[in-house]
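Let's take a walk through a protein model together. Have the sequence and the 3D view ready, and follow along.

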Amino acid sequence: MTERTAALRIIARRSAAALSALALVVLGPPGAALAQPLQDNAYTIDLFQGPILAPLRVTGIAGAYAGYAEGIAGMVANAAAPALREPFSMTWLEWDVAASISLPIELVENNDFDNSGDIDLDYSNFVYTTLGGQLQAGDFGVGVSAELQRYSLTDEAGAETTVVTGKYHFLGGVRLLGDTLVLGAGARAVTLNLQAEQTNLTMAGISPELGVLVRPDWASYRLGATFRFPVNGGRLLGEGVVMDGQVRRAGGLILPNEVVLPWELEVGLAVQVGPRPLNPAWIDPHVQEQELRDAVARRQAAREERRERELAAIDDPEERARRERVFAMERARERVADERELAVGPAVLEAERRARYGNWPREHLLITAELLVTGPVSNGVSLERFLAQRQPGSEHGPSAVGTSGAHVSFSPRFGIETEPIPGRLHTRFGSYYEPNRFGRLGSGRVGRQHFTFGADVRVLSTTLWGLLHDTAFKLQASMDLAPRYDSVSAGIGVWH
């Protein structure tokens, strides 16, 4: 071995030692990936939700809905949704309600719902419920949407802990420049209820949200965006809180100082190809009916002007009187006909609007894409890690303060929707990236890719004994698949 070679090896060993020391400083000592357990109340529950839990149509296209934003389902993706008129909107004043209960079917017994890298315990078994309603009057719209998710956790001793989280949207919007610009604003609220033995705790918070949608008439694209301010619910309050020294506990769990739903920015695009229009101009029934009244009035004025000219050309008084009597009878007949036309006019015009919608071709390919940006949470712990405190091994699991929400998260999403059997079958496909919210303590330090599927099948039509226009119903299903996670949900809705 030459002196030069020996010197190079000494330098290499010293460099490796220096890099190892640096790694220990930056990354922590070996075993630091196993975070320490919660010791006190100086932490925050980060209510960030990685897997999409949303109405079935939104889930089917991987949540890429902010740029489309139609219907009650649109309120979870864009605050401007309540004022957006859908193509089948026929009347000036319209209302709609929707409700669903999803019981996700797990194809694999154990899942990693929060993508922490650990297989979850039974708190991955949950019930997801949505309820919403909207009212539209001309250019304005208001809506309310609620999403409830119930977790149930049973420890080895048989003690059960139940957590119900609720997310609510209270929104109003207006259409401007025809249908080109839709603006919306309102509030996003969150509740969290914790029930355990001799424990019943609740938190609630509310903050603003803003939304915008650009959809030029008859264009084949839409652009949408919404921003939701963070919701700080404060600490859990209620019955069952006990002090263990300086630490607040309830139901055997160390309670957080606060619960936070982080801020969100959702920006999306929708493009549709095929003969079916994406942005047909909405026909305002009041404007259309006023045009009918104006047309009748112009016709009446033209008839009177013709009569006046004819009478002015008659010199014989007796002949003029005879013509005036004839005109009086004509006016009576015309008045009856005009009144009949004005009386049935609104129904005839509505039938024309329905025929206009019904005659549009069904073939289309809707492509949606969006980016969801979620803000950080200081001293964050995921809800799943909070619930896992009493589970075996939690004293060594990744539940330390700061393991959730330490940085801004980005979730790109993409979806495709089409109707392969026109009038009978509607299908969806999508994919989205679930960011790793756990930083270095997450699974592989990266997020995971989800693939979603959805379908609607038209099953029957009815008028409910004449109470409604002919209404078609559909069966719905959606599926979300990812590494260590799967969910299948089903429901029923109205086919359009």
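Over which residues does pLDDT (the predictor's confidence in each residue, from 0 to 100) stay under 50? That is residues 1-36, for which the model has 19 contacts beyond four places in sequence, a contact being heavy atoms within 4.5 Å. Where pLDDT is low, the predicted coordinates should not be read in detail. The protein averages a pLDDT of 84, and 83% of the residues score at least 70.

A quick word on the ground rules. This is a predicted model, so local features need pLDDT of at least 70 and side-chain atom pairs count only at pLDDT 80 or more, while totals for chains, interfaces and linings use all residues. Residues are numbered from 1 along each chain as its sequence is written, and side-chain values use heavy atoms, with hydrogens and water left out.

Now the big picture. The protein has five helices and 22 strands; these are DSSP runs numbered from the N terminus, helices being H or I with at least four residues and strands E with at least two.

Next, see how some strands line up. Strands of a sheet pair through backbone hydrogen bonds, either parallel or antiparallel. Two strands count as paired if DSSP finds at least two bridges between them.

| Strand | Partner | Sense | Bridges |
|---|---|---|---|
| β20 (residues 448-462) | β21 (residues 471-482) | antiparallel | eleven |
| β21 | β22 (residues 485-495) | antiparallel | eleven |
| β12 (residues 247-250) | β13 | antiparallel | two |

In the hairpin of β21 and β22, two residues sit between the strands, and arginine 484 takes a positive phi near 65°.

Elsewhere, an open sheet of three strands runs in the order β11-β12-β13, with antiparallel pairing. Its edge strands are β11 (242-244) and β13 (253-254), each pairing on one side only. Alanine 250 stands opposite leucine 253 in β13.

Finally, look at valine 97. You'll find valine 97 in strand β2, and it counts as exposed because its relative accessibility is 55%.

Notes:
Buried < 20%, exposed > 50% of the residue type's maximum accessible area, 1.4 Å probe, protein only.
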